[in-house]
Amino acid sequence: MHKQPNRCPVCEGSFYISELTCEDCGSVLSGQFGTSRFNRLDKDQAHFLEVFLRCRGVLNGVERELGISYPTVRSRLDVLLDALGLAPTPEDRPNEKPEERSKSRQSVLDQLERGEITAQQASEALRGAK
């Protein structure tokens, strides 16, 4: 089977599932069905999530497996959380100082400059680092 596309190739709009078919008996159910937030992840984000889960959320393990720096792992995790709609808001980080947010933003910009993340991933990470 092919991976379900998450955006319309014509207008970039969102897809919805309109038909489900049973593999065993062939019964068909039609309607408008939502998709999982995980289906909206791009290939790199899905791979990062798989590695993150395989490493049981231990960032040092992700760092070793992907061969990237710890700040890059943190940034990619932030981008992933944002893509899933799970990014922490500034209210969720009351102890984070403005200079820490500034360093986080600079880290994202540095990764973008080195080509480690896409412009879209950087944009999403920067929105989460406000």
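Select A122 to begin: leaving aside residues up to four places away in sequence, A122 touches V108, L112 and I117, where contact means heavy atoms within 4.5 Å. A122 sits in helix α5, residues 119-128, helices being DSSP runs of H or I with at least four residues, numbered from the N terminus. A122 counts as buried because its relative accessibility is 2%, the cut-offs being under 20% relative accessible area for buried, over 50% for exposed and partly exposed in between, with a 1.4 Å probe and protein chains only.

This is a predicted model, in which local features need pLDDT of at least 70 and side-chain atom pairs count only at pLDDT 80 or more, while totals for chains, interfaces and linings use all residues. Residues are numbered from 1 along each chain as its sequence is written, and side-chain values use heavy atoms, with hydrogens and water left out.

Next, select F48, F52, V62, V73, L77 and L80, which touch the most other members of the largest nonpolar core, a group of 13 residues; such a core is a set of buried Ala, Val, Leu, Ile, Met, Phe, Trp, Tyr and Cys residues joined through side-chain atoms within 4.5 Å. Helices α1 (43-54), α2 (59-66) and α3 (70-83) each supply at least two residues of this core, and α1 gives the most, with four.

Then centre on V62, which touches F48, V51, F52, C55, G67 and V73, again not counting residues up to four places away in sequence.
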